[in-house]
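Good morning, and thank you for coming.

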Amino acid sequence: MKSSKPLRAFWQAGIDLILTPTCFSCGERLDRARDVLCRHCMEKAIPLDDNSCPRCHTLMEAGKCPECDSGEISYDFAHSAWIFQGPIKDVIHYFKYNAYSSLSAWLGEAMYRAYQEEDALHNCDVITPVPLYFTRKKERGYNQSELLARCLSKKSAIPYCRLLKRTRHTASQTLLSKAEREHNLDGAFALRGKQEVSGKRILLIDDVFTTGTTANQIAILLKKHGAREVNIFTAARAA
Ligand SMILES: [Zn+2]
Ligand SMILES: [Zn+2]
């Protein structure tokens with residue numbers, strides 16, 4: 001049987017990972033095949049800043065959080081393992097666009113370490129990923145957020161459930177203004193089937209937190225259906 005393109009890319013990525021253990025950022029040879037970054041690049045990976053807002057982790061301005069003060073945030077708490085820059089940006093790029101789905105284990109492990117240190121995330125009832133539109137998922141071969149969510153669920157023992165679906169294709173949020181970003185996601189998410197979210201504390205997982213618009217739109221939807229709490233947790237957060 002002829003294997004599909006994503007499947008071939010997946011196996012190739014696995015073989016590359018085993019045969020040539022090199023740093024995903026600088027290309028230096030690694031001491032151990034299970035490492036992803038060399039010691040040098042690992043030192044350049046920046047954990048989320050302690051001086052950021054304790055609720056949404058936006059950088060504070062004169063002791064105040066511009067996001068929380070705007071009163072427009074619908075999620076309860078946002079956290080990430082790292083700042084999205086340098087070697088971490090390289091790893092996530094490989095994970096997302098170069099078929100290295102196997103990197104989910106390494107990223108999930110780092111997220112679990114950050115999770116352990118953040119009490120606000122501990123009492124969630126269910127872990128759920130930000131969904132991809134089905135054509136995008138088919139093209140990529142996997143949903144990167146789903147892999148991270150499953151990994152974290154296994155480690156934290158919080159049950160995993162795909163609560164959401166994306167109802168249409170949406171353009172990338174990165175180059176849009178705030179108003180355009182919100183409009184771009186209008187009605188783009190819905191609950192899958194008859195998923196029960198009423199009264200639940202939900203931990204929403206994504207790879208990168210960029211502007212918070214996606215998290216916010218999903219939080220509005222989940223809260224409309226009675227969710228008690230919506231927390232967002234990502235591998236990295238835009239600097
Ligand atoms: Zn390196
Ligand atoms: Zn804040």
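I shall begin with the helix α9, whose buried residues are covered by elements that include β1, β3 (164-166), β4 (189-191), β5 and β6. Please keep in mind that this is a predicted model.

Which residues of α9 are buried? They are Thr-214, Ala-215, Asn-216, Gln-217, Ile-218, Ala-219, Leu-221 and Leu-222. As for length, α9 has 12 residues, which at 1.5 Å a residue should span 16 Å; the end C-alpha atoms are 17 Å apart, and this agrees. After α9 comes Gly-226, with a positive phi near 95°.

Let us now turn to the nonpolar core. The largest one has 54 residues, and Ile-218 is among those with the most contacts inside it, as are Leu-148, Ile-202 and Ile-205. Elements that give two or more residues to this core include α9 (213-224), α7 (144-156) and β6 (229-238). Which element gives the most? That is β5, with six residues.

Leaving aside neighbours within four places in sequence, Ile-205 is in contact with residues including Ile-127, Leu-148, Leu-152 and Phe-233.

Finally, I come to the chain as a whole. The chain holds nine helices and six strands, and 35% of its 239 residues count as buried. Among contacts with a separation of 6 or more, 71% are between residues 24 or more positions apart. A compact globule of 239 residues would have a radius of gyration near 18 Å, and the chain agrees, with 18 Å. Along the principal axes, the C-alpha atoms fill a box of roughly 50 × 50 × 35 Å.

Definitions and conventions:
Residues are numbered from 1 along each chain as its sequence is written. Chains are lettered from A and ligands numbered from 1 in the order in which they are written. This is a predicted model: local features need pLDDT of at least 70, side-chain atom pairs count only at pLDDT 80 or more; totals for chains, interfaces and linings use all residues. Helices (H or I, at least four residues) and strands (E, at least two) are DSSP runs, numbered from the N terminus. The radius of gyration is taken over C-alpha atoms; the globule rule is 2.2 Å times the number of residues to the power 0.38. A residue is buried if 20 or more other C-beta atoms lie within 10 Å of its own, exposed if 12 or fewer, and partly exposed in between; C-beta atoms are placed from the backbone. Two residues are in contact if their C-beta atoms, placed from the backbone, lie within 7 Å. A nonpolar core is a set of buried Ala, Val, Leu, Ile, Met, Phe, Trp, Tyr and Cys residues joined through C-beta atoms within 7 Å. The expected span of a helix is 1.5 Å times one less than its number of residues.
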